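Hi,

Here is the structure I promised to pass on to you. My notes on what turned up in it follow below.

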Amino acid sequence: MFYIYCPHCEEHREEEEFHAAGEAHIPRPLDPESCSDKEWGEYMFFRTNPRGIHHELWVHAVGCRKFFNMTRNTQSYEILEVYKIGEKPSITSAAAKLQAQSKVQEGV
Amino acid sequence: MSDSENNSAFNYAATVNCMDQRPAQQRQIEGQSPLQHADLATLAKAQLGQTGSIQLTELKLLGHIILRGNLDNPGFSAGVKLTLGLALPGTLQMVSDADISIRWVSPDEWLVVVPGERSYEIEQALVNNLQGHCAVVNVSGGQTILRLEGEDVQKLLQKSVPLDVHPLSFPIGKVVTTVFAKTQAVISRTGDQQWELVIRRSFSDYVWLWLQDCSAEFKLVITE
C-alpha cells in the first residue's frame, strides 16, 4: 500500500482514498481537427510506460476530490514527490541521469 | 482565473434560481430522515435512562448547504462571514456556533449545516450576499448526520476508517472526508469523546447496520 501525501489536504492518507489517473503532462492538441490519425492516436492511446522515474496523475477520490501529480519510481515504487496541477516536477529522469553522471566524474 | 471570478460587480444572485424545498403549504407534512425505517425514536424511548460506551444520535432533517468559491475572492469570503457570522475554516478544520457549523471539504468547497427550518432563509441570504464566481447548493435531502459519543467511539472508528483517530493526529475541530467501512463519510471530532459523521442518504442504512455490527462488543445506546 502507498501512503500518499495529498498537497491539497496537506497530510498523508492511505492509498484506498486515491485513484491513479494515468500519465501526467499529456497536453491535448490545441487544434484536434488538424491532427493526423497518427498524432491523435498517439495522444489518445500511447503512453511512455518507463522503467524508473515516472510522472503520474492521481486524484484524491474519497477526500478532497482534487487532482495532483506524483513523481514515482516504477521499479522501487518509491514516491519521490507530489506537486499540484500546473507546477513543474523538480525530479525528472533527465535530472537524475545528469546527477548520476556528475557522481561518476567526481569518482563517488 | 477568469475576470468574472474576482469581479465584485458580477452579480451571483441574478444568475441563480433559489427554491424553497419545503414551501409553507407543505410544512404540515412531517419530514422523514433517511433512517425513518430504523425508527430510532422508539429505540431511544426503550433505552431511556441507560448509558452505553457508545451513544448514537441522529441529527436529522438539518439544512446542508454546499458552498464553492475561491478564498482569494473577497466578495465570497466576506459575504460568508457577513451572512453566517463565521469565517470559512482552513484546511481540515471545522467551526461552529450555537446552531450553524461549517466544515472544510476541499480547498474551494465547504459544507454549511444549519437548522432545517432556516435552510431556505440562509440559502437565500448567501445567494444575495456572495459576489463573484461562486456557488451555493442546498443538498439537505442528500445526506444526514450521526453523532457518536462515548469512551469506545474511538475504538469503533479504528475498525471503520483507514486513518489515525488518536487525539494527537485527530484533535478536536478537525474534519476529514475519508473511507468509512465500504462507503465514505465526512468525519469530525466535536469533543474529546464526541464525533459527527456526515453520511450519504443512500448509504445511511448500510452505516446504521455497520454501526450496530461494529459496536456489538461495546454497548450501543440510541439517544434522541
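Two strands count as paired if DSSP finds at least two bridges between them; strands themselves are DSSP runs (E, at least two residues), numbered from the N terminus. Before the findings, a word on conventions. This is a predicted model, in which local features need pLDDT of at least 70 and side-chain atom pairs count only at pLDDT 80 or more, while totals for chains, interfaces and linings use all residues. Residues are numbered from 1 along each chain as its sequence is written, and chains are lettered from A and ligands numbered from 1 in the order in which they are written.

Chain A first. Strand E5 (residues 67-73) of chain A runs antiparallel to E6(A), and five bridges join them. In one of these strands, E6(A), A:Tyr83 is the bridge partner of A:Asn69. Both strands belong to an open, antiparallel sheet of four, ordered E3-E4-E5-E6 (chain A).

Now chain B. Domain 1 of chain B brings 13 residues to the contact and domain 2 of chain B twelve, with contact meaning C-beta atoms, placed from the backbone, within 7 Å. On the domain 1 side, strands E7 (143-149), E8 (175-180) and E9 (183-191) of chain B each give two or more residues, and E8(B) gives the most, with three.

Happy browsing!

How values were computed: Two residues are in contact if their C-beta atoms, placed from the backbone, lie within 7 Å.
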